[in-house]
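Okay, thanks everyone, I'll keep this short. Let's bring the model up and walk through some charged side chains together.

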Amino acid sequence: EAALMDRYSDDSKRAKYFKQEVWPEGKMPDVQSEQCTPYIEWHIPAELKTKAVQIIFSGGGYNRNNPDGYEVTPVRRYLNEKGMAVVTLKYRTPRPETGVAKHTTAWQDLQRAIRIVRSKAAEYGLDPNMIGIMGGSAGGHLALMGTTSSKHQSYLPIDKIDKLPCNVQWGVCLYPGYAL
């Protein structure tokens with residue numbers, strides 16, 4: 001039996017990597033001073049075999065999340081090996097201290113990330129209507145919210161990207177920490 005991080009130990013099947021912030025400067029809703037800055041990372045495989053894209057994020061009880069940890073990295077590398085593009089999300093943590101529910105800022109980041117992926121998909125040879133999301137624990141709860149609540153806007157629109165829908169075509173919810 002091999003540990004997942006050992007089994008998928010490198011990014012040799014990835015051809016391109018890009019990192020971008022989720023929110024334009026000064027436009028992030030419900031700013032909480034103690035929270036990290038959210039970002040997404042694009043991982044485009046060397047041999048693209050599908051136009052679908054998988055967005056992956058970790059859990060952490062809405063107190064932390066790690067796009068380089070064991071819940072995300074092996075799956076990202078595996079999907080790149082199979083020819084699928086992956087976007088990882090670092091959403092805002094820890095939980096908001098005031099004004100909103102524990103998951104609200106993470107949900108805002110997820111909806112914005114889906115819209116960014118949809119807006120950029122064609123540039124990378126991907127289908128903007130073949131987007132899935134995946135997360136474990138608190139990330140599983142976030143994936144449940146993302147797959148079932150796309151018609152409810154978690155923040156007010158700030159630019160043209162927010163005119164795009166934030167629905168997804170599938171969701172993978174690994175041991176969701178909270179039920180809806």
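So, to start: is Asp-11 buried, exposed or partly exposed? Asp-11 counts as partly exposed, because its relative accessibility is 23%. Keep in mind that this is a predicted model.

Now look at the partner. Asp-11 and Arg-76 make a salt bridge through their side chains, 2.5 Å from N to O. That pair ties together distant parts of the chain, 65 residues apart: Asp-11 sits in the loop between helix 1 (4-7) and strand 1 (14-21), and Arg-76 sits in helix 2. Arg-76 is at 3% relative accessibility, so Arg-76 counts as buried.

Asn-80 is buried at 3% relative accessible area, and its side chain reaches the backbone oxygen of His-43 at 3.1 Å.

Next, Arg-92 and Asp-109, another salt bridge, at 2.9 Å N to O. Arg-92 is in the loop between strand 4 (85-90) and helix 3 (104-120), with Asp-109 in helix 3, 17 residues apart. Arg-92 is buried at 2%, and Asp-109 is buried at 0%.

Compare that with Glu-123 and Lys-120, bridged at 3.8 Å: Glu-123 is exposed at 56%, while Lys-120 is partly exposed at 26%. The structure holds 7 salt bridges.

Last stop, the surface. Arg-7, Lys-13, Lys-49 and Lys-82 form a positive patch. Lys-49, from the loop between strand 2 (39-45) and strand 3 (53-57), is exposed at 55%.

Terms used: Residues are numbered from 1 along each chain as its sequence is written. This is a predicted model: local features need pLDDT of at least 70, side-chain atom pairs count only at pLDDT 80 or more; totals for chains, interfaces and linings use all residues. Side-chain values use heavy atoms; hydrogens and water are left out. Patches are made of residues with over 30% relative accessible area and no salt bridge: like charges are joined within 9 Å, nonpolar side chains (Val, Leu, Ile, Met, Phe, Trp, Tyr) within 5 Å. Accessible areas come from the Shrake-Rupley method with a 1.4 Å probe; for residues, only the protein chains shown count as cover. A salt bridge is a side-chain nitrogen of Lys or Arg within 4 Å of a carboxyl oxygen of Asp or Glu. Lys and Arg count as positive and Asp and Glu as negative; His and the chain ends are not counted. The place of a charge is taken as NZ of Lys, CZ of Arg, CG of Asp or CD of Glu. Helices (H or I, at least four residues) and strands (E, at least two) are DSSP runs, numbered from the N terminus. Buried means under 20% relative accessible area, exposed over 50%, partly exposed in between (1.4 Å probe, protein chains only). A polar contact is a pair of N or O atoms within 3.5 Å; within protein, one must be able to donate a hydrogen and the other to accept it, and residues adjacent in sequence count only if both atoms are side-chain atoms.
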